[in-house]
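Please keep the sequence and the 3D view open as you read.

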Amino acid sequence: MTELSLPASPSTSPSAAPAPRSVLQAVGNTPVLFIDEPFAPPPRGFWAKLEGFNPGGIKDRAALYMVDKARERGALRPGAPVIESTSGTLGLGLALAGVLHGHPVHLVTDPGMEPIMERMLTAHGARLHVVDRPHPDGGWQEARRGKVAELLARYPGAWCPDQYHNPDNVAAYRPLADELTGQLGTVDVLVCAVGTGGHSAGIARGLRASNPALRLVGVDAIGSTIFGQPARPRLMRGLGSSIYPRNVDYPAFTKVHWVAPAEAVWAARRLAGRQFATGGWSVGAVALVAGWLARTQPEATRIAAVFPDGPHRYFDTVFNDDYCRANQLLDTTPPSEPETVESSASREITRWTRCANVVDPVPAPAASRTGAAR
């Protein structure tokens with residue numbers, strides 16, 4: 001049986017506290033849901049942290065925190081523009097921060113952004129800048145970062161969060177760790193998608209304050225460079241990277257799994273049909289890995305998996321049959337368990353695979369870290 005833990009409903013009595021007057025109060029305190037079938041036979045399962053209950057998703061937390069800290073330090077002056085690269089979710093959080101604090105928001109994206117995301121960002125007041133070709137070495141992400149640099153020069157006084165390398169992106173997720181502890185008690189295994197590296201690093205550090213034995217399992221995309229694979233064109237957005245974000249806490253990971261697009265689609269759609277709570281690429285990939293852990297770890301192991309957002313932005317991709325057929329994403333059932341490699345350098349990975357030897361593919365120091373093509 002699934003269990004849903006929701007924030008307490010406000011009282012309707014005359015003495016109740018006033019209702020929230022700002023959308024800021026809707027960020028955080030997201031529920032958890034116990035997921036068993038179709039991934040694990042009851043009573044086995046894992047707990048999903050449903051970050052899609054935030055107004056824009058998990059990155060509302062990081063966007064608001066990075067903006068607040070920059071304002072405190074004076075790096076972001078009142079009314080100054082905020083300029084950043086995004087595939088979508090951080091953009092929603094920055095648009096929220098811009099509305100709350102009065103900053104114009106410029107977001108650099110690429111042609112892979114979903115139409116619904118473009119329209120929502122524009123509706124929330126953000127100005128979009130779309131790059132038209134990938135960087136020859138760093139793909140679309142490096143092309144977007146180049147455009148950000150150009151816009152920063154065009155708008156004197158503008159500020160860039162630099163989500164890939166900003167330590168505030170990590171610190172922003174300590175409250176999420178505290179929420180998990182309050183909801184679940186001791187967490188034995190944490191499963192996170194890895195993109196900028198912010199939420200995996202921040203949540204794990206917070207949970208390890210009370211449980212140093214916590215195991216962190218990262219979930220990456222096929223074709224991502226983060227854990228040492230060659231960069232390839234990627235359909236999946238929100239996890240994976242064609243650059244090397246410095247917020248990725250490599251020593252913190254116990255294992256990493258790579259998941260292919262068709263495998264993530266299968267899992268996201270099975271979640272929708274069995275649990276109703278679902279999401280897109282990252283949610284599908286994380287659920288696939290967390291479900292396998294629930295089947296294979298001792299029954300008492302408490303597994304928490306972070307679902308970064310909900311399904312809404314994926315109606316034109318993950319949940320669109322025409323799109324999925326065109327990209328050969330349907331009629332694929334993942335194997336019951338991943339393949340295993342000794343290191344990320346063993347071979348190029350093309351399907352669900354795990355590795356217990358997690359290393360930084362570009363050890364510090366390095367002034368510039370870009371992968372190959374997106």
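Phenylalanine 276 lies in the loop that runs between helix 8 (261-274) and helix 9 (281-296); helices here are DSSP runs of H or I with at least four residues, strands are runs of E with at least two, and both are numbered from the N terminus. Phi of phenylalanine 276 is positive, near 70°, in a residue other than glycine. This is a predicted model, in which local features need pLDDT of at least 70, side-chain atom pairs count only at pLDDT 80 or more, and totals for chains, interfaces and linings use all residues. Residues are numbered from 1 along each chain as its sequence is written, and side-chain values use heavy atoms, with hydrogens and water left out.

**Backbone points to look at**

- Most residues other than glycine have a negative phi, and most peptide bonds are trans.
- Phenylalanine 276 counts as exposed because its relative accessible area is 75% (buried is under 20%, exposed over 50% and partly exposed in between, with a 1.4 Å probe and protein chains only).
- Asparagine 29 also has a positive phi, about 55°, although it is not a glycine. You will find asparagine 29 in the loop between strand 1 (4-5) and strand 2, and with 52% relative accessibility it is exposed.
- The peptide bond from glutamate 37 to proline 38 is cis, with omega near 10°. Proline 38 sits in the loop between strand 2 (32-35) and strand 3 (46-50).
- A cis peptide bond also joins proline 42 to proline 43, again with omega near 10°. The loop between strand 2 and strand 3 holds proline 43.

**Helix packing**

- Helix 1 and helix 2 pack with their axes 7 Å apart, at an angle of about 45° (axes are lines fitted to C-alpha atoms, for helices over the stretch in contact, and angles run from 0 to 180 degrees between N-to-C directions).
- That angle makes helix 1 oblique to helix 2 (under 35 degrees is roughly parallel, over 145 roughly antiparallel, 65 to 115 roughly perpendicular, and the rest oblique).
- Helix 1 and helix 2 make a right-handed crossing (left-handed if the near helix is turned anticlockwise from the far one by less than a right angle, right-handed if clockwise).
- For helix 6 (residues 174-184) and helix 7, the axes come within 7 Å and cross at roughly 50°. These two helices, helix 6 and helix 7, are therefore oblique to each other, and helix 6 passes helix 7 in a right-handed crossing.

**Cavities**

- The structure holds three cavities of 30 Å³ or more. On a 1 Å grid over the protein atoms alone, a cavity is a set of points where a 1.4 Å probe fits but cannot get out; a pocket is an open set with protein on both sides within 12 Å along at least five of seven lines; and lining residues have an atom within 4 Å of a point.
- The largest cavity has a volume of about 220 Å³, where a volume is the space filled by probe spheres set on the points, and grid points are joined across faces, edges and corners.
- Its lining has 26 residues, and Ile58, Lys59, His199, Gly238 and Pro308 lie nearest the centre of the largest cavity. Helix 1 (59-73), helix 2 (89-101) and helix 7 (198-208) are the elements that give two or more residues to this lining.
- By class, the lining of the largest cavity has nine nonpolar, 14 polar and three charged residues (Ala, Val, Leu, Ile, Met, Phe, Trp, Tyr, Cys and Pro count as nonpolar, Asp, Glu, Lys and Arg as charged, and the others, Gly among them, as polar).
- The second largest cavity has about 190 Å³ of space. It is lined by 20 residues, with Ser87, Gln141, Arg144, Gly238 and Gly240 closest to its centre.
- The lining of the second largest cavity divides into five nonpolar, nine polar and six charged residues.

**The largest pocket**

- About 490 Å³ of space lies in the largest pocket. Among its 24 lining residues, Gly52, Gly310, Pro311, His312 and Arg313 are the closest to its centre.
- Helix 2 and helix 3 (115-123) each supply at least two residues of the lining of the largest pocket, and helix 3 gives the most, with three residues.
- The lining of the largest pocket has 12 nonpolar, nine polar and three charged residues.
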